[in-house]
Amino acid sequence: MSGVLEDVKALNDDPSPVARTRYNELLTLVVDDSDKRIRQVPTLYMGRSPIFGARDLTKVKERLSLMIEVIRLVSLRPTYMLTACEFNGEKGLCGRDFFNRSAYRSRLRQLGMRFSDHPVTYFNGQEFACDGWEAFVPKFVILRKDWDYPEDYSGVIRTTGGVLTFHLCAYRLQGVGAEELRQLTPLVR
Amino acid sequence: MQPASDLHVEWVQDEAVVLNRGSGELHYLNTSAALVLAAISEYGFDEGLAYVKSTQTDSLEDELPSLVEMMLEKGILIDE
């Protein structure tokens, strides 16, 4: 489908302020213009993972612009691919998946979970924050199932501090440094 | 053998998360591996392993060669 990205401002802005890392083909916008009776909604992918989908293409393009800005500023602001969420008054982080239309997130919403509309969170050395939410120390983290567990395992898997720290760092865009690792550890303890 | 010089180690309870500053690689060490690294860091390689053997169970002593090999492969330990 031609011309879809012509009005995405972020693509035409100046290069990132600190171009430490180049990301080639990191984001992909897929628009299904086939003749199929049931068409996929316009979807934004990060690598191979869908991160945002909506029937309204404008909304998906807005998310594309937002993600471009997030990635451009990664060198200036510790950024994690974790979504802020809240359950029973407690705030936490979700890294189990990134897709706003995932069945898992829909189910959690039915159970009372509230998700931030912002796709990432920022770490200030003591707390996590995202646009529209006050900074917080997460009380829980939702991650993908540990690789040691069978695919069909159902239930809560409590993890250790070391494992949690290690997994949290994996969600840090551009990788974690020594100082940030030192700051993260007390939150896990 | 000794720990690589550009490591940053965070001890979390009985485990460790190790950042290789040079490569940016991050490693998780379980309780056994963390203990071995701590002992080697504190006492040197030979005395560190002797310490582990003297204070820990036979099963950990059996694991020592594989733990050392794993840490060598990951660049956490290096040959002097």
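Guide: Contact means heavy atoms within 4.5 Å. By that criterion A:Thr185 touches A:Thr165, B:Glu10, B:Trp11 and B:Val12, not counting residues up to four places away in sequence. This is a predicted model, in which local features need pLDDT of at least 70 and side-chain atom pairs pLDDT 80 or more, while totals for chains, interfaces and linings use all residues. Residues are numbered from 1 along each chain as written, chains are lettered from A and ligands numbered from 1 in the order written, and side-chain values use heavy atoms, without hydrogens and water.

Visitor: Why is A:Thr185 called buried?

Guide: Buried means under 20% relative accessible area (exposed is over 50%, partly exposed in between; 1.4 Å probe, protein chains only). A:Thr185 has a relative accessible area of 0%, and is therefore buried.

Visitor: What makes the pairing of the side chains of A:Thr185 and B:Glu10 a polar contact?

Guide: A polar contact is a pair of N or O atoms within 3.5 Å; within protein, one must be able to donate a hydrogen and the other to accept it, and residues adjacent in sequence count only if both atoms are side-chain atoms. The two side chains meet this at 3.2 Å. The side chain of A:Thr185 also reaches the backbone oxygen of A:Leu181, at 2.8 Å.

Visitor: How many residues are in contact between chain B and chain A?

Guide: In chain B, 12 residues are in contact with 15 residues of chain A. Between these chains there are 4 residue pairs in polar contact, both at pLDDT 80 or more.
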